[in-house]
Amino acid sequence: MQQFDYNLLNTLEVLLEEESVTSAALRLHLSQSAVSKQLAKLREVFDDPLFERTPYGLRATPRAKQLAPELRQVLQHLELFTRPSSFEPSESQRTFDIHMVEPAYSLTYPHFMPEILKQAPQVNVHAKTWRRESLEQLLRCEIDMAISCWEWDARSKWHMENIPKELNYVELVRDHSVCLVREDHPLFDEEWGLETFLKYRHLQVVFGGIEQWLLDDILNLQHLKRDIAVNLTDFHSAMELCEHSDLILCAPSKYVDNMLKGSPLRKLPAPISMEAGCYVLMWHKHFDFDHSHRWFRELIIERVKAEYK
């Protein structure tokens, strides 16, 4: 191990994730033969085949599976050693990977991205929509940060206290739920309240692996349930359908305010008392002393909080 090439560990990590020499080569920007040669060296170092070929790709051996969690930690420590001691935004070519729930794009991007591009014109920001696996990717340091929805209401499964202790976080902006209906909806002939709310069918937007809203958690505690006719994954389509039906759509207030300009939809208060939820910027504590990461997240925090103070 005296002359061990630590770059091989990165190859091993990618092979464990991709379970394919071809896919690993694409990610590593290497030829398949180069990755195969590196795998041969790894097998020699660890005195184990590490992977077995199957009709569906590579399958990790028990030894490789045992190495996986320790491998992530070793690579993180190596990254710490090689980080620069200072950071100059104008010279940086770093790529930042961030996952965000759908409403966070319009609530945050216009406020921080122009300044990011102004200060660091060569950086790249790769954003993906928050999904069920995003929290695990944060915990494994596979992405730099994320903006997700969490709740202050004690009745929620996604309470702020449940954010994993390995993560640091900052609350960016609070928001509350409202109901959207078409302007000539028949419910306007009735008294607005929980009874009327439950009388009509509903349209629901589900995103980020969260299958139901805080409002539904509270209704369940009262042994009540909405009649959800349609589930969608994006608010634009949901609002358009809401305009052409008697369905009620629950949505975050600040988010829909940006989208209601020129829309015939009407906004009504939620018929249940709830604590406002919040959009939270999260990152692994591993990145606390990374100069470029700190610059990026502090700029997001500064610009977004200033917009909604």
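Modeller: Two strands pair if DSSP finds at least two bridges between them; helices (H or I, at least four residues) and strands (E, at least two) are DSSP runs, numbered from the N terminus. This is a predicted model, in which local features need pLDDT of at least 70, side-chain atom pairs count only at pLDDT 80 or more, and totals for chains, interfaces and linings use all residues. Residues are numbered from 1 along each chain as its sequence is written, and side-chain values use heavy atoms, with hydrogens and water left out.

Biologist: Which residue in β12 stands opposite V170?

Modeller: β6 pairs with strand β12 (residues 277–284) in the antiparallel sense, over eight bridges. In β12, the residue opposite V170 is L281.

Biologist: Which strands stand at the edges of that open sheet, each with a single partner strand?

Modeller: The five strands run in the order β4-β3-β5-β12-β6, with mixed pairing. The twist from one strand to the next averages 25 degrees. One side of each edge strand is left without a neighbour in the sheet, because each has a single partner; these strands are β4 (124–129) and β6 (167–175).

Biologist: At about what angle does α11 run to β6?

Modeller: Helix α11 (residues 291–308) lies across β3 (95–100), β4, β5 (145–151), β6 and β12. Angles here run from 0 to 180 degrees between N-to-C directions, with axes fitted to C-alpha atoms, for helices over the stretch in contact (heavy atoms within 4.5 Å). For α11 and β6, the angle is about 20 degrees.

Biologist: Which strand holds I248, the bridge partner of H202?

Modeller: Another open sheet of five strands has the order β9-β8-β10-β7-β11. Its edge strands are β9 (228–232) and β11 (265–269). Within it, strand β8 (residues 202–205) runs parallel to residues 248–252, joined by two bridges. I248 is in β10.

Biologist: Which helix lies across β7, β8, β9, β10 and β11?

Modeller: The helix spans residues 235–243 and runs at about 145 degrees to β10. It is α9.

Biologist: How is α1 set against α2: roughly parallel, roughly antiparallel, roughly perpendicular or oblique?

Modeller: Helix α1 (residues 7–18) packs on helix α2 (residues 21–28) at about 130 degrees, with the axes 9 Å apart. Angles under 35 degrees count as roughly parallel, over 145 as roughly antiparallel, 65 to 115 as roughly perpendicular and the rest as oblique. Therefore α1 is, relative to α2, oblique.
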